[in-house]
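Please keep the model open beside you as you read.

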Amino acid sequence: MKQLKESKTIKQCEPMESTVHAHHTCGAFLCTLKKYKHCLLALYLPVYLLAFWVLEQNITANYWASYVPVDDAIPFVAEFVIPYCMWYPYAIFPGLYLMICDVPVFKKFMYHIMIGMTLGLVICAVFPNGQDLRPITFKETNFYTQMVGEIYRVDTNTNVLPSMHVIGALAVFFGIYHSARVRKSVKASMAVIALLICASTVFIKQHSILDVIASLFVSLPTYALVYRSKAMHAGSKNAMVQENK
């Protein structure tokens, strides 16, 4: 009889233990989700890429050509294709660093990206634009001109104002600049790279200087809104308090 009672007790405890374990697992999952919910901001990027792809497919002709006479004085320098292509690791790796190591700044970085690039998409959709600055042929064929030619092949000459390259490069720099975890020497290096990336857009004739200026008119007010406004600053403080709890 005693063994029978013990057996019944064990069977009654097993579902209770299973329920407790399920609650514990669910609680741990929710805590993890809450801790890393800032990562969900990165889901904007595939949305942006899809929207940009749609624009690229639909705006192929009948666009306003971005041009100012100063463009004619800017030489084509194929070697600038290197900093132009550096934009991709320049945008990805610092973003991942901020996501992992500096959550409050990562949020501001993503808000800057989201606002700036969305404005860029809206401008291109409402005001179809492109540029006709690309050389028809290259004076010489080498590694750099081949890279430029490949960029011309996969990237259309439309949707150029404002330059997403410039908006993205500035957003990355501002994010790194405002992170207390990043050394001053790294911040200085990131500033130089950002300048080279911005310059590369006009030297390989992917953009008019007008596109770069338009990008500044998008990026700088966005920077002021995200990093300098009292509402955003208060939100950042709250995020830091929640992170330290």
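**From one residue to the whole fold**

Setting aside neighbours within four places in sequence, isoleucine 59 is in contact with Cys124, Pro128, Asn129, Thr158 and Asn159, where contact means heavy atoms within 4.5 Å. This is a predicted model, in which local features need pLDDT of at least 70 and side-chain atom pairs count only at pLDDT 80 or more, while totals for chains, interfaces and linings use all residues. Residues are numbered from 1 along each chain as its sequence is written, and side-chain values use heavy atoms, with hydrogens and water left out.

Isoleucine 59 lies in the loop between helix H2 (44–58) and strand E1; helices (H or I, at least four residues) and strands (E, at least two) are DSSP runs, numbered from the N terminus. Is isoleucine 59 buried or exposed? Isoleucine 59 counts as buried because its relative accessibility is 9%; buried means under 20% relative accessible area, exposed over 50%, and partly exposed in between (1.4 Å probe, protein chains only).

Stepping back, you will find ten helices and two strands in the protein, following the pattern α-α-β-α-α-α-β-α-α-α-α-α along the sequence. Buried residues make up 38% of the 245 residues. Of the contacts with a separation of 6 or more, 88% are between residues 24 or more positions apart.

Now for the helix packing. H2 and H5 pack at an angle of about 15 degrees, with their axes 11 Å apart; axes are lines fitted to C-alpha atoms, for helices over the stretch in contact, and angles run from 0 to 180 degrees between N-to-C directions. H2 and H5 are therefore roughly parallel to each other (angles under 35 degrees count as roughly parallel, over 145 as roughly antiparallel, 65 to 115 as roughly perpendicular and the rest as oblique). The residues making this contact include Tyr48 and Phe52 of H2 and Met117 and Cys124 of H5.

H5 also meets helix H7 (residues 164–177): their axes come within 9 Å and cross at roughly 165 degrees. That angle is why H5 is roughly antiparallel to H7. Among the residues in this contact are Gly116 and Gly120 of H5, together with Gly168, Ala171 and Phe174 of H7.

The whole structure holds 13 aromatic pairs; rings of Phe, Tyr and Trp (its six-membered ring) pair if their centres lie within 6.5 Å, and planes under 30 degrees apart count as stacked, over 60 as edge-to-face and the rest as tilted. One of them is the tilted pair of tryptophan 64 and phenylalanine 127, 5.3 Å centre to centre with 35 degrees between the planes. This pair links distant parts of the chain, 63 residues apart: tryptophan 64 is in E1, and phenylalanine 127 is in the loop between H5 and E2. Tryptophan 64 counts as partly exposed at 36% relative accessibility, and phenylalanine 127 counts as partly exposed at 39%.

Elsewhere, Phe173, Phe174, Tyr177, Tyr223 and Tyr227 form one aromatic cluster. Lysine 187 lies over the face of tyrosine 177, at 5.7 Å from the ring centre (a charge sits over a ring if NZ of Lys or CZ of Arg is within 6 Å of the ring centre and within 35 degrees of the ring normal). Lysine 187 belongs to helix H8 (residues 184–203) and is buried, with a relative accessible area of 17%.
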